[in-house]
2 protein chains.
Amino acid sequence: VLGRDYGTQDCSIARSLEVVGERWTLLVLRDLTFGLRRYDELRRSLGIAPNVLADRLGRLTDEGLVVRRLYQHSPERFEYVLSDKGRGLAPVLFHLAKWGDLHYPSPLGPPRVSLHAGCGGSVDERLHCATCDASVWFDEIETAPRGTAQTDGVEAGAPAAPAVG
Amino acid sequence: VLGRDYGTQDCSIARSLEVVGERWTLLVLRDLTFGLRRYDELRRSLGIAPNVLADRLGRLTDEGLVVRRLYQHSPERFEYVLSDKGRGLAPVLFHLAKWGDLHYPSPLGPPRVSLHAGCGGSVDERLHCATCDASVWFDEIETAPRGTAQTDGVEAGAPAAPAVG
């Protein structure tokens with residue numbers, strides 16, 4: 001557990017990592033950013049032990065990055081959605097993705113593409129939209145799996161996730 | 001060790017975290033970004049076990065984020081400096097710091113301030129310089145500890161670190 005040993009450091013990076021630096025936590029946030037909401041979806045996507053996922057979701061909920069919401073009454077079922085605080089880490093996920101795209105490329109190209117919301121243009125690592133030439137900010141960026149995006153020359157198939165990537 | 005379990009995921013975030021997601025690794029990169037270069041400086045700053053620091057520096061060197069350089073011949077002594085690839089994570093460190101400043105503030109204010117190089121203006125979380133009103137990019141951002149910067153109304157004391165924060 002990366003996260004919980006930095007308390008003595010007067011450093012905002014260390015403080016952030018106390019909350020999101022634990023094993024798997026950033027990937028849980030990634031999946032929530034991509035629009036997954038239910039425990040079973042998250043567990044399948046991540047392939048992690050149920051107790052680890054429960055622990056991570058519990059901590060993210062306690063810290064206010066994630067809101068736990070009842071979506072079914074009998075039996076009771078909950079879903080998990082990002083709060084504004086959780087969405088505030090979108091820039092971290094975005095730049096980790098772009099850095100990985102550049103330095104550890106997949107043979108098939110980037111697994112996900114970043115798109116300018118509304119415009120559909122491809123957004124590069126400097127937050128520049130190739131289609132409309134605008135500088136975009138993270139709240140205007142959607143992502144979609146490789147192969148589903150307009151930028152691949154294919155008509156948009158799957159709906160874009162409602163944020164970063 | 002957060003880093004080494006994500007290999008099967010077709011995801012650039014997971015790939016990045018395989019390299020920099022291990023416990024302490026991002027804080028080692030932080031200190032190198034702040035200008036620390038020597039093993040003993042890093043060990044003192046981080047307060048971690050020598051074998052852990054050696055392991056992290058070894059992995060960062062193997063992956064090309066850090067370059068190990070001989071600076072003294074007898075006895076042989078090495079220093080560690082970021083490569084361009086290592087500096088490429090500056091945006092991740094910057095946004096982790098800004099998110100921590102916002103959500104886990106220190107009672108004394110942000111431990112480090114982000115400054116527009118040359119201009120000296122304070123750079124906010126949207127990469128906007130308060131002094132010259134420019135949009136800046138990460139290669140134009142320096143950081144300095146709280147209390148040493150021009151933005152505190154005190155004459156610049158300690159030199160600003162040569163990057164992000």
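Predicted model: local features only at pLDDT ≥ 70, side-chain atom pairs only at ≥ 80, totals over all residues.
Residues are numbered from 1 along each chain as its sequence is written, chains are lettered from A and ligands numbered from 1 in the order in which they are written, and side-chain values use heavy atoms, with hydrogens and water left out.

**View 1. The fold of chain A.** Chain A has six helices and four strands, where helices (H or I, at least four residues) and strands (E, at least two) are DSSP runs numbered from the N terminus. Along the sequence these elements follow the pattern α-α-α-α-β-β-α-α-β-β. Of the 165 residues of chain A, 49% count as buried, a word that stands for under 20% relative accessible area, with exposed meaning over 50% and partly exposed lying in between (1.4 Å probe, protein chains only).

**View 2. The interface between chain A and chain B.** The contact, meaning heavy atoms within 4.5 Å, takes 50 residues from chain A and 50 residues from chain B. Together the two chains bury about 4400 Å², 65% of it on carbon and sulfur atoms; this buried area is the accessible area (1.4 Å probe) that two parts lose on being put together, summed over both. Ile13(A), Trp99(A) and Tyr104(A) supply 16% of the area that chain A buries against chain B, more than any other three residues.

**View 3. The two-fold relation of the copies.** Chain A can be laid on chain B with an RMSD of 0.0 Å by a turn of 180° and a shift of 0.0 Å along the axis, the copies being superposed by least squares on the C-alpha atoms of residues with pLDDT of at least 70 in both. The two copies are therefore related as by a two-fold rotation axis. Within chain A, the C-alpha nearest the axis belongs to Val92(A), at 2.5 Å from it.

View 4. Arg15(A) is placed in helix 1 of chain A, and its side chain reaches the backbone oxygen of Tyr104(B) at 3.0 Å. Leaving aside neighbours within four places in sequence, Arg15(A) is in contact with residues including Asp10(A), Ser106(B) and Pro111(B). The side chain of Asp10(A) meets that of Arg146(B) in a salt bridge (2.6 Å, N to O), which requires a side-chain nitrogen of Lys or Arg within 4 Å of a carboxyl oxygen of Asp or Glu.

View 5. Helix 2 of chain A is mostly covered, since nine of its nine residues are buried, among them Leu26(A), Arg30(A) and Asp31(A). Just after this helix, Gly35(A) takes a positive phi of about 110°.

**View 6. A salt bridge between Glu22(A) and Arg59(A).** The closest N and O atoms of this pair are 3.7 Å apart. Glu22(A) lies in the loop between helix 1 and helix 2 of chain A and Arg59(A) in helix 4 (residues 50–62) of chain A, so the pair ties together parts that are 37 residues apart in sequence. Both Glu22(A) and Arg59(A) are buried.

View 7. The side chains of Asp40(B) and Arg43(B) meet in a salt bridge (4.0 Å, N to O), and both residues lie in helix 3 (residues 39–46) of chain B, three residues apart, about one turn of the helix. Asp40(B) counts as partly exposed at 42% relative accessibility, and Arg43(B) is partly exposed with a relative accessible area of 31%.

Conventions. Polar contact = N/O pair within 3.5 Å; in protein donor to acceptor, adjacent residues only side chain to side chain.
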